[in-house]
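Thanks for coming, everyone. Please look at the sequence and the model while I talk.

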Amino acid sequence: MAFVDYHRFTAINYKLPLLDIIIGAATLIAEANGISKAGHVKSKLTELITWSETVRGLAELAAIRSRPGEHGVQQPDPLAVNMAKYHFAHGFHNATAILTDLSGGLLAAGPGGEDWDNPQIRAVLEKYYAAAVPAERRLRLLHFIADLTARDYGGYQSVLATHAEGSLEAEKLQIARSFDATRAVEYVSALAGIADR
């Protein structure tokens, strides 16, 4: 049982830079596409921030609540660490969907490097792919995001989010196993006048 908690603790902490990448990419592409001030875009960015900072907070809580194990090695709090991993995995696909939505169809249909390297084609690309930023910056960002969401690396990350370090169901089992409802039950029993059950 201890192994899965350590495994998920390392997992959720090595995922933190990926959370920052998703938020950074979403922010930059919204700015590059000239849509960053739109209300629905701000809402989507806020949703990404909420997801990311909840995962980060739960990862920190798992460390803060850690306890020494029988051999003196700190063990992460099983409830907090499994909640962190579950929240990350449960929200990952929505986060990449938001990033894809903010990016637009150019993730799959944009020009490639050979097009850009051709001087005649490049002049057209520079004209028609410029938005709030020059075309080259926007296209570089779109290729980065395509790698993260639509190409091999994105698919790999998608599977890892769901299954690495345990499935969503395994995390839910450990959450249920780790949660002690005593405090909540005693509180409600006292409020309801049924404390002597």
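Let me start with helices, which are DSSP runs (H or I, at least four residues), numbered from the N terminus; strands are runs too (E, at least two).

A word on the source. This is a predicted model, in which local features need pLDDT of at least 70 and side-chain atom pairs count only at pLDDT 80 or more, while totals for chains, interfaces and linings use all residues. Residues are numbered from 1 along each chain as its sequence is written, and side-chain values use heavy atoms, with hydrogens and water left out.

Next, aromatic rings. A pair of aromatic rings is described by the distance of the centres and the angle of the planes. Rings of Phe, Tyr and Trp (its six-membered ring) pair if their centres lie within 6.5 Å. Planes under 30 degrees apart are stacked, over 60 edge-to-face, and the rest tilted. How many aromatic pairs does this rule give? The count is two. In one, Trp 51 and Phe 88 have ring centres 5.8 Å apart and planes at 20 degrees, so this pair is stacked. Trp 51 sits in helix H3 (residues 39-64) and Phe 88 in helix H4 (residues 78-103), so the pair ties together parts 37 residues apart in sequence.

Phe 88 also pairs with Phe 92. That pair is tilted: 5.6 Å centre to centre, with 50 degrees between the planes. Put together, Trp 51, Phe 88 and Phe 92 form one aromatic cluster.

Trp 51 is buried at 6%. Phe 88 is buried at 0%. Phe 92 is buried at 2%.

Now the core. A nonpolar core is a set of buried Ala, Val, Leu, Ile, Met, Phe, Trp, Tyr and Cys residues joined through side-chain atoms within 4.5 Å. The largest one here has 38 residues. Which of them touch the most other members? They are Ile 22, Ile 29, Leu 48, Trp 51, Phe 88 and Leu 99. Helices H2 (16-32), H3, H4 and H8 each give two or more residues to this core. H2 gives the most, with ten.

Look at Ile 29. Contact means heavy atoms within 4.5 Å. Leaving out residues up to four places away in sequence, Ile 29 touches Leu 99, Leu 102, Ser 103, Leu 141, Leu 142 and Ile 145.

Rolling a probe the size of a water molecule over the atoms shows where empty space is left. On a 1 Å grid over the protein atoms alone, a cavity is a set of points where a 1.4 Å probe fits but cannot get out, and lining residues have an atom within 4 Å of a point. Points are joined across faces, edges and corners, and a volume is the space filled by probe spheres set on them. The structure has one cavity of 30 Å³ or more. The largest cavity holds about 40 Å³. Its lining includes Leu 106, Leu 139, Leu 142, His 143 and Arg 151. Helix H5 (106-109) and helix H8 (135-149) each supply at least two lining residues. H8 gives the most, with four.

On to Glu 171, in helix H10 (residues 168-178). Glu 171 is buried, at 0% relative accessible area. Apart from neighbours within four places in sequence, its contacts include Arg 8, Asn 82, Lys 85, Tyr 86 and Glu 165. Glu 165 lies in the loop between helix H9 (152-163) and H10. Glu 165 is buried too, at 11%. Its phi is positive, near 60 degrees, in a residue other than glycine.

Last, the outside. Ala 176, also in helix H10, is exposed at 58% relative accessibility. Ser 43, in helix H3, is partly exposed at 45%. Helix H11 (residues 182-192) is hardly covered: one of its eleven residues is buried. After H11 comes Gly 193, with a positive phi near 75 degrees.

Conventions
Buried < 20%, exposed > 50% of the residue type's maximum accessible area, 1.4 Å probe, protein only. 1 Å grid on protein atoms, 1.4 Å probe; cavity = no way out; pocket = protein on both sides within 12 Å on 5 of 7 lines; lining within 4 Å.
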